[in-house]
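Subject: Handover of a structure

Dear colleague,

Please find the structure below, together with its sequence.

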Amino acid sequence: MNITLKIWRQKNKQDKGKFVTYKLDGVSTEMTFLEMLDYLNEKLIKEDADPVAFDSDCREGICGMCGLYINGRPNGPEKGVTTCQLSMSVFKDGKKITVEPWRSKAFPVIKDLVVDRSTFDKLIQVGGYISANTGAAPEANSIPIKKEDVDRAFDSGICIGCGTCVAACKNASAMLFVSAKISQLSLLPQGRVEAKERVQAMVLKMDELGFGNCTNTGACEAECPKEISLSNIARMNREFYKAKIS
Amino acid sequence: MTKLDAKIPEGPLAEKWTKYEASVNLVNPANKKNLDIIVVGAGAAGASAAASLAELGYNVKVYVFQDSSRRAHSIASQGGINATKNYKNDADSDYRLFYDMIKGGDFRAREANVYRAAEISNNIIDQFVAQGVPFAREYSGYLANRSFGGVQVSRTFYAQGQTGQQCTLAAYQALSRQIHAGKVEMFSRRDMLDLVVIDGKARGIITRNLITGEIERHSAHAVVLATGGFGTIYYLSTLAINSNGSAALAAYKKGAFLANPSLAQIHPTCIPVLNDYQSKLTLMSESLRNDGRVWVPKEKGDKRPANEIPEEERDYYLERKYPAFGNLVPRDVASRAAKERCDAGYGVGDTGLAVYLDFKDAIKNQGYDTIKAKYGTLFGLYLKVTGINPYEEPMRIYPASHYTMGGLWVDYNLMTTIAGLYAIGEANFSDHGANRLGASSLMQCSGDGYFILPVTIGDYLADQIKVPKISTDTPEFEKAEKAVKEKLNKLLSVKGTQTPTSFHKRLGHILWTYSGMKRNEKGLKKALKLVNELKEEFWKDVKLSGGLNELNHELEKAGRVADFFELASLIITDALNRKESCGAHFREEYQTEEGEAERDDKNYSYVAAWEYTGEMSNPKLHKEELVFEFVKPTKRSYK
């Protein structure tokens, strides 16, 4: 099929950037979205043009490295997929597809569609862990944990840190990302010990790094490729208030 | 000539590591803070090593090419991690895991290292649980287990189909804590392009800042490579598309021997190649073979939809050929069997290069909910990629390049042949022999990172406490930096007509055809010629865009592909040298009447460690004879 791509091009952090339109023939519905961009880039290189820079690594929806705004939605029109899992079969022949990087103050553009998400690492660094030094662990079965608690911790723990939640949110809030980690760790007995310090440090850091607040719109949950539940935010808020008053 | 000394401690197998730990040289805490360690790569191995070394008090610098160490491809490991807890009361033990790995690796791994890996496996589970990994649990609240290929016990701990993600994130979080504590300095979006060796000791690396393009010098008292495997050399693989062999090659060219490079695992259960545009293949965890049954139609070229083929017209070939292990035969055996059926004309799907993995019986016997709980994520992933619902129709699968058992040669300390240069995780060669068993990769890389390296590196660094900070202002750094810049400029100056990706595809095709699941002398010799021709063509006709001092993915790719040519020649040379079949290395000339691999213990019971001798000369072979003191190599049978 033939498509028209309207892609955000920006040379570097300082550059103002602009949309550039490309006509692309011979696109197969069997391509993934990123393979379509590979195909475009191969063509651009042959024409002595500058290929479009975009991030990706595992290409199976688990590393969280990719992530693009496609036709006004993070990761495109399909539910529960990362950008690398999006198939070209969802687009119609002759259509125009607009491709942008994540748009958020906390994720500055590095080049074209590549953004800097190191703020997510900084959030984890202030408390997104259990401080168990190597060698200090007790026997694994010494603390039985209810299956349902572990299953819920797993459901929160599957976040891939891609930044979709921030990109989808009108306030550019990182609440879903932070609350997923806080939930995972606070649902487990091993993680309770530091629960109070963890939630306070991470929430404070979130504000400091320029992420916005949550106004319960729910776009993060709707767009999250791993379909992480909004209830994590409620749990984080409970943990936060509990920490405040205790 | 360097003599290979594996430095295996004396004494009974089960006492080697304990005795080693009791007698190893130590660095006192006050001195640790004066010692710098570079860790390259931060997946399960690198992150756990960096965190553990920092906890001990060393100054650690970590380098990754992604934007964050959480992206490392350990994250995609699916099925699980082994340990010998024996929670199932099924007679598991350290010895049994050791034996399974030695046999699974077709008696081409080093006994002492494998036993140690089994011995510390339980500590890893303890550590991960303490760090918050939500491993699956029974209703009792205790940890659950499942079984994996090549073994008859249930010793695999898992978190649905995302065990690697959960373990890697736990290590990432431990690393993040040390970054916050100021003990680790993190350098993301950096490619390691060379190793710096001063007076025979690894003292630093040259990196390229992938955003600014700047070529940087970094020094330390020791360097640890946790750079993973190079299965992407086949172009299509289950690896992340940026995974590469450049760090291993750089170390090799500076004097580290590369061991058994041709021993590469082709994983049996991957989503088959769908089209020419494909950039990677998706793994379907081996754990699926616990409940899924592999089959092809009994009739050649039967094009009926799977569900319309009646039971009696299906050939459950693994159950037929290997009644004792059935669908749970090791990966090399399962892969070859699938290739054999497809080559004989029984393959399914449009290409005929696929077999069925069927859950009909499992769903009937255990119920939809149970199967969903076990494999929900994997089934969802399969549906997303193929549009086929595995709850209703069998999956189609085919083998794909997955894991490199070979890698940098290391001794018992995990040190390479360069003093102060260590290789951990998939980057080294030692534990998996000629074939890796499922759920033993996470086990080995976290074992190396959390528990082995932090002890063994002290033995070396105890000698280095009087060495001040290493200066980067030396002729060795100067020379390495110059060489890196020259190579990059050379790549940019070719200005040919073909893209790096197009060369990579062609290289992958050569290797897959002649050095894949089946190999023979004629084909390998042809491949060597083809690779050399393609390499020449590459340096005359590669076309890049952009410049040196900017984010330039094409330049990154070109450098990796250039290195792949050199690695490919070494892989083929190693495959030619090994005139036997063992594990994943199947030389058609050496097979039994039933078509199984035929080992030659008399002549090839050794690790082939290759030494770089220069651009124009052939690599030199060094042999580490494998001494089987505790296990008698037998014919490896799963029948």
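To begin inside chain A, the area buried between domain 1 of chain A and domain 2 of chain A is about 1500 Å², and carbon and sulfur atoms give 53% of it. Buried area here is the accessible area (1.4 Å probe) that two parts lose on being put together, summed over both.

Some conventions apply throughout. This is a predicted model, in which local features need pLDDT of at least 70 and side-chain atom pairs count only at pLDDT 80 or more, while totals for chains, interfaces and linings use all residues. Residues are numbered from 1 along each chain as its sequence is written, chains are lettered from A and ligands numbered from 1 in the order in which they are written, and side-chain values use heavy atoms, with hydrogens and water left out.

Chain A

Domain 1 of chain A spans 3-111 and domain 2 spans 118-245; such bounds come from an automatic or database domain assignment. The C-alpha centres of these two domains of chain A are 29 Å apart. To their contact (heavy atoms within 4.5 Å), domain 1 of chain A brings 18 residues and domain 2 of chain A brings 21 residues.

Two salt bridges are counted between domain 1 and domain 2 of chain A, a salt bridge being a side-chain nitrogen of Lys or Arg within 4 Å of a carboxyl oxygen of Asp or Glu. Arg73(A) and Glu223(A) form a salt bridge through their side chains, at 3.1 Å from N to O.

Chain A also contains an open sheet of five strands with mixed pairing, in the order β2-β1-β5-β3-β4. Strands are DSSP runs (E, at least two residues) and helices likewise (H or I, at least four), numbered from the N terminus; two strands pair if DSSP finds at least two bridges between them. At the edges of the sheet are β2 (18-24) and β4 (73-74) of chain A, each pairing on one side only. Strands β1 (residues 3-9) and β5 (residues 96-100) of chain A run parallel and are joined by four bridges. Ile7(A) has Val99(A) as its bridge partner in β5(A).

Chain B

Chain B is assigned domain 1 (13-262 + 403-461), domain 2 (267-400) and domain 3 (475-622). Between domain 1 and domain 2 of chain B, the C-alpha centres lie 31 Å apart. The contact involves 24 residues of domain 1 of chain B and 26 residues of domain 2 of chain B. These two domains of chain B bury about 2100 Å² between them, with 51% from carbon and sulfur atoms. On the side of domain 1 of chain B, Gln78(B), Leu236(B) and Thr238(B) lose the most area to domain 2 of chain B, together 28% of what that side buries. Zero salt bridges are found across this interface of domain 1 and domain 2 of chain B.

Between the chains

The contact between the chains draws on 71 residues from chain A and 72 residues from chain B. The area buried between chain A and chain B is about 6000 Å², of which 52% comes from carbon and sulfur atoms. Six salt bridges are found across the interface of chain A and chain B. The side chains of Glu60(A) and Lys280(B) meet in a salt bridge, with 2.6 Å from N to O. Among the elements that each supply at least two residues of the side of chain A touching chain B are α1 (33-46), α3 (147-157) and α5 (175-186) of chain A.

Yours sincerely
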